[in-house]
Amino acid sequence: MAGIDLHAHTIYSDGTFTPPEAVDLAAERGLSVLSISDHDSTEGVAEAEGAAARAGLEIVPGVELSTVHDHGPVHLLCYWPDLWDEEFQGELRRLREDRWTRGERMVEKLQALGYPITFERVREIAQGNIGRPHIAQALVEAGVVPELKGAFSDELIGTDGRAYVEKHALASLDALALVKRARGIAVLAHPGLRWKKELPVPDELIERMAGAGLDGLEVDHPDHDAAARARYREMARRLGIVATGSSDCHGTRYDPVRMGSETTDPEEFARLKSRKGL
């Protein structure tokens, strides 16, 4: 089996490719399976499926759900949910609406600090669902920082930043329960980073989530070093859950473009599908 990439973003969240463009690149790079897993949105899935049918590619419908634990963000990948589940889609709508008002408030804070950006420009960059990377891009364009990562600081929009605004999100265990009610498969995204500053997601939370039905850990990720990969692979084995691999592609937002740079072992993918009964 060719490559299996289970985490990619499109213009429906903070990626730069349309769903058909993401599918075309996946096919060009020899992938056979791709998950469109936008932040808090399944809006790109149908477009991707249409393009994939022409490209002979399998699409895994997905979403990267924003959750919170002890005031730190935890991202939960949900695969094959019931896309028509009213409770599930209702939470996604709340998250997207909050992203909009949160973006407005962060821009207002940045303006109050004297930084020359506008919410109108952020909206133009985002083309829809607003996230911090869109605000970061506006800051780069305004000459405030030289590159995107410079915006995620204590001075600007980092988790402890002067212009940071917390977002609406379910507690991680509550979000996991929501995914299960929507008949989805749940995989914890990039557990080795982005909880609080440089801290990983707490092991204690991962173990509690595994006991509550978590199906897998995203082990092979571009931002996991060799030690983190080895640790999370062993943790997945110990907890009896699946070890996945994904590029977390955001299009041209990262250089080089990550599509297919990390993939899931076919045997692990088969285990993941079996948990869904596929």
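Predicted model: local features only at pLDDT ≥ 70, side-chain atom pairs only at ≥ 80, totals over all residues.

Analyst: Residues are numbered from 1 along each chain as its sequence is written, and side-chain values use heavy atoms, with hydrogens and water left out.

Helix α3 spans residues 86-112 and helix α6 residues 172-181; their axes come within 8 Å and cross at roughly 135 degrees. Helices here are DSSP runs (H or I, at least four residues) and strands are E runs of at least two, numbered from the N terminus. Axes are lines fitted to C-alpha atoms, for helices over the stretch in contact, with angles from 0 to 180 degrees between N-to-C directions. On the α3 side, E87, F88 and E91 meet L178, V179 and R181 of α6, contact meaning heavy atoms within 4.5 Å.

Helix α3 also takes part in an aromatic pair. W100 and F119 are edge-to-face, at 5.5 Å centre to centre and 85 degrees between the planes. Rings of Phe, Tyr and Trp (its six-membered ring) pair if their centres lie within 6.5 Å, and planes under 30 degrees apart count as stacked, over 60 as edge-to-face and the rest as tilted. Because W100 lies in α3 and F119 in helix α4 (residues 119-126), the pair ties together parts that are 19 residues apart in sequence. W100 is partly exposed, at 34% relative accessible area, whereas F119 is buried, at 14%; buried means under 20%, exposed over 50% and partly exposed in between (1.4 Å probe, protein chains only).

Another pair involves the loop between β4 (72-79) and α3, where W80 lies; its partner F269 is in helix α9 (residues 266-276), so parts 189 residues apart in sequence are tied together. The ring centres of W80 and F269 are 6.2 Å apart with planes at 35 degrees, so this pair is tilted. W80 counts as buried at 11% relative accessibility, as does F269 at 3%. Together with Y79, W80 and F269 form one aromatic cluster.

Finally, helix α5 (residues 132-141) has seven of its ten residues buried, and these buried residues pack against α3 and α4.
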